[in-house]
Amino acid sequence: MRILSLGGAGAVCQYATRDLAEFSTCEQIVIGDYNVAAAEQLAAEIGDPRLEVVRVDADDHAGLVRLFQGFDVVLNGLPWKYDLAVTRACVEAGVSGLDVSTEEDQWDYDAAARQKGIVFVPGVGATPGITNIMASRGANQLDEVDEIQINFAAFRCIGPSPGLLITVLWEFNPRTKERLYYRDGRFHRVGPFEGLKTVHFPNPIGAQEVCYIPHPETRTMPKSLGAKAVSVRGCFPPHVMRLMKVLLESGFLSETPVTVKGVQTTPLEVMHELLIQLPESKQNPLWGYGLLVEVYGKRDGRDVKVTLWNRHPPAEEWGGPAAYYKNIAIPLSIGAQMISRGDVLQRGVVAPETAFDPDVFIAELARRRIEIHEKIEEYHVVGHSRFM
Amino acid sequence: MRIVVLGGSGMMGCISTQDLAQDRRVTEVVIGARNMPKAKEVAEAIGSPKITIRQVDVTDHDALVGVLKGADACLNATVYYTNLQVMEACLEAGVHYTDMGGLFHTTRKQLELSDRFAEAGLSAVLGMGSAPGVPNVQARYAADRLDTIEYIRIYDGIKPPPPGDVRFTYAVPTIVDELTLPPMVYRDGEFLACEPLSEFENYWFAPPIGLLPMHLSLHSEVATLPLTFQNKGVRECFFKINYWGMAKETVEKIRVLVDFGFAGREAVEVKGQRVIPRDLLVAMMANYVPPITDFLAPPKNRPPDWVKEIVTEVQGTRDGEKVTYRMGTLTCKGALPTGVAPARAAIWLAEKRIPAGVHPPEAVIDPVPFFKELEQRDIYTRVSVTEFL
């Protein structure tokens, strides 16, 4: 078995590469990166003879297809703007793959992927990713799923990388159309900072106020898990949330042109460049990922709520920012290994909750010290007792 | 009498222009402005035949000298960064000078020009707005009546706008500086740099303004008062304000941006062009500046429905007895004293009532006639004296 770790020397994906080296049994792991020097340094550091390095230009479609053909699985850790390019190249090359985020248009390759007999799983990070597995595990405990509420606390600085900065700016941009929740058979569009509620994440993150965030789980779970209502709410550390609120309220996310001392630009453009360049945007007191998924439904005719939450080693132990990155990269590596060893039977472009057996996935997470906890409670609406 | 008001069509400058045009001693008010359409809008709104407009960029020394020549006084109502340049132009043009403040550090530099002004037989009064300006003269009133001074505490109390009302009612770059630069205080013979937005205390102002949370801010009064009255043994001097007259929420928002580095002066490259973060912040904040006609409109309230009280408390001794003076200058239009006070100083300069050299207001502005002149424009000053048993 051969796995290609695409962008595998990057800030996040290097931890997927490291996980592949530590846990997989495949014969070869190839780091495909634009930055060959970083890739070689990483390979030398890990020191696994199965590791190889190849230079990849993700803008060269034909080159990607040729490269992919020699692999069993492509693990895509490139910035999200390459999601479609990689999906397309996987389908053309007839090689299964997975990536960390989700682009709506990726589902268009479903039929072509089936035809080629491959599987491509978008969104196998922390959220989407672990949250899909948690929801799937919760849904499996029920006969019928009424509602899935996904909550996350992404504790990282605002701009650890250009891609992750764009993600935040996009998630809070008032023009983002994908900020939806699902209820009563349809998707409802909502604005930034709407749907506020307080969620108690495991310590050290603790109680945080979360709001609706545009996320693919909302799109896939009504169908994949038969949920009648789905929502994703999330937050970043308080200092990032404060900044986003101010940027939003003060018009700094606007794309209307402004002239600054004779230079024509837009606030959003400057904002983006500023946040990449300013040292303040790299500052963050606490790194980690809080995930809490609530699945409501029926079991044996009773109303039941399954609550699932994660725990992972603290930042002090996992090395500061790595405590955040590992939560994204480890699922990617687990997913790649499950695909390569034949655990995934579905073909086509498939959501994580459909592709992966949650119990196997959760067991794999636990081997890496990411624990999923679960509580099952029965509840009922007072005054509508079934004894009446 | 011909007075040039640089920035005479700006937020504060337009009020000075209006005030000067209404004064019978003044025969011509020249608005020196970069933005001609705006200058015309202001001139039309005031509608006085005394007003003329000259386009000028204050960074163009020769052009500025040309505009200043023949004037009896120059009132610099542009942002304080230009103070030194404008003073140089005044020296060359042979024109007296006043401004609305130099945010402590610039005022200090301006005072160094005193010998050159004196040699040229020219006079300058620095920081003659509502604050600095009014508190300096208030302090002088008390100082004239005290043998020793223990402290000079200045409280600029402004009725805050409602929380959702985001507006910046004076120079935006100055607001950003006040928010980010360490406030200077004078304690036990030393000038100390403190944290912005620190040393909060509640202070009671004339109703209906009432109790307001006051914090330190960088201001010019502190740069000069302890030195002017050094011989009276001043031990403490500070300036406090309530969120610079803005809603607390507005200040908190700007603070978040500042904490993330948006007030930085290092350029960043945006699509091949260089943009300074601070410039963007200032440009974005400019969207929240009210229309200029708001500044020229008559007060919405009538006395005693005050919107601002500028207070200076001076404690000291007279004939060995402890005495406290509380001077409160009240207005029903917050920006009015900022425009009117320097206009009065400009007239006094033109009337040659100020000695040659560069001076802080407390050194050269005679308090009683000054406050009487402010009273003619519905800006009232009250004095209360507390004696101890």
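Domain bounds come from an automatic or database domain assignment. For chain A, this assignment gives domain 1 (2–122) and domain 2 (130–321 + 373–377). The structure is a predicted model, in which local features need pLDDT of at least 70, side-chain atom pairs count only at pLDDT 80 or more, and totals for chains, interfaces and linings use all residues. Side-chain values use heavy atoms, without hydrogens and water.

The centres of domain 1 of chain A and domain 2 of chain A, taken over C-alpha atoms, are 26 Å apart. Contact means heavy atoms within 4.5 Å. Five residues of domain 1 of chain A are in contact with seven residues of domain 2 of chain A. The area buried between domain 1 of chain A and domain 2 of chain A is about 480 Å². Carbon and sulfur atoms give 71% of this area. Buried area is the accessible area (1.4 Å probe) that two parts lose on being put together, summed over both.

One salt bridge is found across the interface of domain 1 of chain A and domain 2 of chain A. A salt bridge is a side-chain nitrogen of Lys or Arg within 4 Å of a carboxyl oxygen of Asp or Glu. The side chains of Glu104(A) and Arg219(A) form a salt bridge, at 3.8 Å from N to O.

Gln149(A) lies in strand E7 (residues 144–155) of chain A; strands are DSSP runs (E, at least two residues), numbered from the N terminus. Gln149(A) is buried, with a relative accessible area of 14%; buried means under 20% relative accessible area (1.4 Å probe, protein chains only). Not counting residues up to four places away in sequence, Gln149(A) touches several residues, including Lys197(A), Ser231(A) and Tyr296(A).

How values were computed
Residues are numbered from 1 along each chain as its sequence is written. Chains are lettered from A and ligands numbered from 1 in the order in which they are written. Helices (H or I, at least four residues) and strands (E, at least two) are DSSP runs, numbered from the N terminus. Buried means under 20% relative accessible area, exposed over 50%, partly exposed in between (1.4 Å probe, protein chains only).
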